Amino acid sequence: MSDPTVRFGTRCVHAGQSPESVTGAITTPVFQTSTYVQDGLGRHRGYEYARLQNPTREAAEANIADLEGAQHGISFSSGLAAIECLVKTVAAGGHVVSEENTYGGTTRMFTQVLDRLGIEVTLVDTRDLAAVRAAMRSDTRLIHLETPSNPLMRIADIEALASAARVGGALLCVDNTFASPFNQTPMALGADVVVHSTTKYLNGHSDVLGGVVVLDDDALADELFFVRKSTGPVPGPFDSWLTLRGTKTLHLRMRRHNENGMRIAEFLQSHPLVRRAHYPGLASHPQYELASRQMTGFSGMVSAELAKADARRMAEGTRIFRLAESLGGVESMICIPSLMTHASVPEEVRLRMGITDGLVRVSAGIEDAADLVEDIEQALSRKDGT
């Protein structure tokens, strides 16, 4: 589907879309309908019922698939729904190896929901290739990564893990939400499947919930469509339209997210109250060289370790950053993962990974970088209660 002669920014605007056939409308319409009138019994125009097909949804799916260099895109009502459908399709009754430092909701779904269905998940540090190989079993069907990971910005070697998955007869899935296809295309590095929370950078405006799975395998795509049709976690047409509206400016927004992320990471790294800054674009990041090989930019996601009191003062004292459990929007956001996005992860697991009450996660928006840095600086310099 992807045309290698057309550059990324042009594909953001045009991939998967054409003028509407009746009126010539340049923007894909919102097909806000639950069903379609058929020409006769057993004769329809390719559309039967909105849970099965919707032209707005199909345009968004084709656009995102193209940006990831994939043949198929299957969208869902949330990022978690996308991962759930993939795991149930690929690993029913089998075993999954997953990065331990994932979004807390993903960990919760793996360990408290999917395990009830006979799907066993082993959580490992996927930076350690030997640990991944040791965790794999004869019934391992899927290796699931987040890279960069949430919230510690760990980097997994996609190419090496794709090779390990193939040797073990498993598929490699990469959650590319933190990077976006502007900064990283995992399928070009050997991944079989890519997932996104389209809520985040792809939509980019904090007004959608959604997810997507992209892949090349025709048979697996058919199975995913079948499972989605049969279980129903589809996004509505307006959410699909808003996502498509967002991807048109992805290439423009991500440049600013990347620039602002780097500026904030450099500032935090140099601040006396910050014990450590986590950002794959910093030369001090332990996997900086790997990140530089497999990413073309490092996104707007930064985390930093502080004393607990300083972290709280930073999170609650900013004026531009919004205290919120999301990321990837044009607005800058800030949170303390241990109390918010990762509160469902058992405390001993969080602490072993380094997700303490002093870890702050920042999503740099597209505001002026100087204002963002000054906002963090004033928050950290405030006295309690002022």
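**Close-up views of a predicted model**

**View 1. Buried residues of helix H8 and the helices that cover them**. In helix H8, which spans residues 237–247, the buried residues are Pro 237, Ser 240, Leu 242, Thr 243, Leu 244, Gly 246 and Thr 247, where buried means under 20% relative accessible area with a 1.4 Å probe and protein chains only. Helices and strands are DSSP runs numbered from the N terminus, helices (H or I) having at least four residues and strands (E) at least two. The cover over the buried residues of H8 includes helix H1 (8–14), helix H2 (55–67) and helix H9 (250–270). The model is predicted, and local features need pLDDT of at least 70, side-chain atom pairs count only at pLDDT 80 or more, and totals for chains, interfaces and linings use all residues. Residues are numbered from 1 along each chain as its sequence is written, and side-chain values use heavy atoms, with hydrogens and water left out.

**View 2. The crossing of helices H3 and H7**. The axes of H3 (residues 79–91) and H7 (residues 218–231) come within 10 Å and cross at roughly 120°, the axes being lines fitted to C-alpha atoms over the stretch in contact, with angles running from 0 to 180 degrees between N-to-C directions. The two helices are therefore oblique to each other, a term for angles that are not under 35 degrees (roughly parallel), over 145 (roughly antiparallel) or 65 to 115 (roughly perpendicular). The crossing of H3 and H7 is right-handed, that is, the near helix is turned clockwise from the far one by less than a right angle. H3 contributes Cys 85, Leu 86, Thr 89 and Val 90 to the contact, and H7 contributes Leu 220, Glu 223, Leu 224, Val 227 and Arg 228, contact meaning heavy atoms within 4.5 Å.

**View 3. Ser 299 in the loop between H10 and E9**. Although Ser 299 is not a glycine, its phi is positive, at about 70°. Ser 299 lies between helix H10 (288–294) and strand E9 (301–305), and is buried, with a relative accessible area of 1%.

Key
Buried < 20%, exposed > 50% of the residue type's maximum accessible area, 1.4 Å probe, protein only.
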